[in-house]
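Here is a short briefing to read alongside the model. Have the sequence and the 3D view open as you go through the points.

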Amino acid sequence: MSDKEVLLTIRDLRIEGRADEEWLEIVKGVDLTLHKGEVLGLIGESGAGKSTIGLAAMGFARDGCRISGGTIDFDGIDLRSASEAKRRGLRGKRIAYVAQSAAASFNPAHKLIDQYSEAPVQHGVMSRGEANNDAVELYGKMQLPNPDEIGFRYPHQVSGGQLQRAMTAMAMACRPDLIIFDEPTTALDVTTQIEVLSAIRDIVEQFDTAAIYITHDLAVVAQMADKIKVLLKGEEVEEADTRTMLNAPTQDYTKSLWAVRSHARPEQPPIEAGTTPVVSVKGVTAGYGTLDVLKNINFDIHARRTVAVVGESGSGKSTTARVITGLLPPREGEIQFNGQTLPADYRNRTKDQLRQAQMIYQMADTALNPKQKLRELIGRPAQMYLGLNGKALEERVRNLLDLIELEPDDYIDRLPSELSGGQKQRIGIARALAAEPQFIICDEVTSALDQLVAEGILKLLDKLQAEFDLAYMFITHDLATVKSIADEVVVMKEGVVVEQGPKSEMFQPPHDPYTELLLSSVPEMDPDWLDKLLEERAAGGAGAAVEGAGN
Amino acid sequence: MGFLTGLLWLAAAIIAAMAAGWLFRTAAVAVTPRGVSKELKTAPLTASFGMLMIIIYILVAFLAPVIAPFSETEVVGPEFMFPGDDPAFVLGTDNLGRDMLSRMIYAARNTVGIAFVTTALAFIIGSVLGLLAAIVGGWLDQLLSRTVDVLMAIPALIFALLLLTIVGTSIINMILVIAVIDSTRVFRLARAVAMNIVVMDYVEAAKLRGEGLWRLITREILPNAMAPLVAEFGLRFCFVFLTISALSFLGLGIQPPTADWGAMVKDTATMITFGNVTPLLPAAAIALLTVSVNFVVDWQLHRASGLKE
């Protein structure tokens, strides 16, 4: 690759961000060289400076950030000293950007094709008519259905995966030399992700475009990039060719990233026949308005067991949780707790019934009241349910903080805004534990977290389960999480349980076709995985016959 | 030339105001405890000036009997004296020969005090009902919201006049009438803000925990709705203040002989034709307080919105 011409050179790039009237360095001297037609993967945890570097490659800094040092040379143009007008001439024309959330980045008031032709017309590359024809051609290349018509829809009339592909096509409109992909598949379901990844890869190859691919998902970057750069807290950890990097990382940090997801829960002995499950969902049909979101759902959760409920967005996973907690009374069926039927509406349940089933939310940011200190956040359930007060309550809060591995003296008087994402999620766990429940619903608790942090949370949940004989219902779309934590798996699609059973069975063939599709769609660290999968699907295997729920 | 001199005076006044603001901020930062002074440091000069003015108004209101040279209602000299005619009456006298300065000082007490009580009452009614409507929803929300819609459909000042003629003019009645009318605006805001908070996961968690309505309002929702409500309080205060002055000007507000800036403008209005600035003084007092409060509110809104320039 390196025999090609150099396109982008960044030397000693320093970027500062402003916090509390002070400038702090967030990118600390990063070097980067990109040749024509080459794809560079930037990976790292949140806060590593990936997106900031990606934007700096366009000579752009976000609001509240400034490029404070270093040089950015794009094909002989010094982007730092170039005039704003000159930079504007490059953006969209020679350097394009694909954002993480296509849904939020498209203007909802204009048709896709009008937004497509905006850049080429503005930059004088094509006339509007040419641009429209070109759009149809590129939509076809991006494997969008009905390329002739799809451009005449509005963003809300198109699914998330299609929108992300339309956005990539739009970035390609002026045939740029460089495209920056900022986590383009992070918000998508696994089955949709495959389509977007293969479409992006094809088009980048066809037009020999250089790309910077920003992601936190190693398996994804392994499919896309020629070389990978690992970042940590604004500094480069190491950079190498993709295969070398995957097979023989040299730095400890990189190794720890690679080793993540090694956590696996030991196989649990089978449940004795006749034991009453802690929670039993019996024939539940429920929905909003006249629409049935859940149709005849049945499963049991036993003490000390984790049941993972898996499915794509819209499959009814979270709705099931709402039925169990009583937020959404079912139309038919019932929820039993230790053999007793629970009132359908949470308002009719007794305090003790409410105490027994607790919930941990996906977004710890919105699940913790930002105006309450940890003392109150964690202490309130203990005060309410167990009648603890004064000294005893403080003692209990301190115990709970110890349990979730946070130093009580340091943390007890903090507000949620003074915690990191992983710590907030730990507080969510402590709040659930404070009620001393038998059953906890974990709703995508790790999906908003970095892999290393998520690993810590999973280990903690596992430890607590053994200590307090808890039953977990684990809602997730991430099959890697399922592998590491579940005892039993329930696969859902469009409100119906497609398949259920012990984990060992679920990950062994034969599968239900939909389960097969889900399982095969989980990216693997092997750089050839995507090629193999696409070949297999073309041959009719690996769940090719089933439609993903996202489309 | 006259225009230029006017511009110069205006520039001088603005510079003096900003200088006063700067001095006040420096002094305030020096004397307040660390947490408060850190916040004060971020105050722009306009807000500092506003705070200084508000403090002066409050001091004047509390110390009225000490500062005022004459009593509020006593006739002490000839009518319609120009400011400066007699050194005993710094700002001249009104249509009955009462000292303008003394009446201005006492009026600060009446007008500002009544406006504050009215706004506070409007906020208690409006925000409690608004939060209730947002949490409970359903028929209660419909009932309250539609009632508010009906009340808001009638122009506020005309509605106030109408109600006051029905229930009779007294200070208590006026406070109640204005509070009820103004609480409809507060209701709208409180409901809209709370709607966004009610859907948060932490409120759902609190509901599932089995928390009662009162605790949901006071511990979970109100603390998170405070910033916009406080900012609105400042704005509402100005409007209430102007409504009281307007009602007094129309003769339905604070009744004579109690001093009130609105009524004072009315009483001395004819003097403006003789080139006497006296009627403009109470008007200026109203304007200055309104502007000052708005300066402070702007700063608070800016902080609450989390915008940084």
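**Confidence and ground rules**

Chain B has an average pLDDT of 84, and 98% of its residues score at least 70; pLDDT is the predictor's confidence in each residue, from 0 to 100. This is a predicted model, so local features need pLDDT of at least 70 and side-chain atom pairs count only at pLDDT 80 or more, while totals for chains, interfaces and linings use all residues. Residues are numbered from 1 along each chain as its sequence is written, and chains are lettered from A and ligands numbered from 1 in the order in which they are written.

- For the model, ipTM is 0.74 and pTM is 0.76.

**Chain A overall**

- Chain A contains 23 helices and 20 strands; helices (H or I, at least four residues) and strands (E, at least two) are DSSP runs, numbered from the N terminus.

**Where the chains meet**

- Eleven residues of chain B are in contact with 16 residues of chain A; contact requires C-beta atoms, placed from the backbone, within 7 Å.
- On chain A, the elements giving two or more residues to this side are α13 (351–356), α14 (364–367) and α15 (374–386).
- That side of chain A has ten nonpolar, four polar and two charged residues. Ala, Val, Leu, Ile, Met, Phe, Trp, Tyr, Cys and Pro count as nonpolar, Asp, Glu, Lys and Arg as charged, and the others, Gly among them, as polar.
- The buried residues of helix α9 (residues 201–209) of chain B include Tyr202(B), Val203(B) and Arg209(B).
- The buried residues of α9(B) pack against α13, β16 (357–360), α14 and α15 of chain A, together with α8 (171–198) and α10 (213–249) of chain B.

**Strand β16 of chain A**

- On one side of β16(A), Ala357(A) and Met359(A) are buried, and on the other Gln358(A) and Ile360(A) are buried too.
- β16(A) pairs in the parallel sense with β17 (residues 439–443) of chain A over four bridges; pairing needs at least two bridges found by DSSP.
- Ala357(A) stands opposite Phe439(A) in β17(A).

Notes
Contact = placed C-beta atoms within 7 Å. Buried ≥ 20, exposed ≤ 12 C-beta atoms within 10 Å, placed from the backbone.
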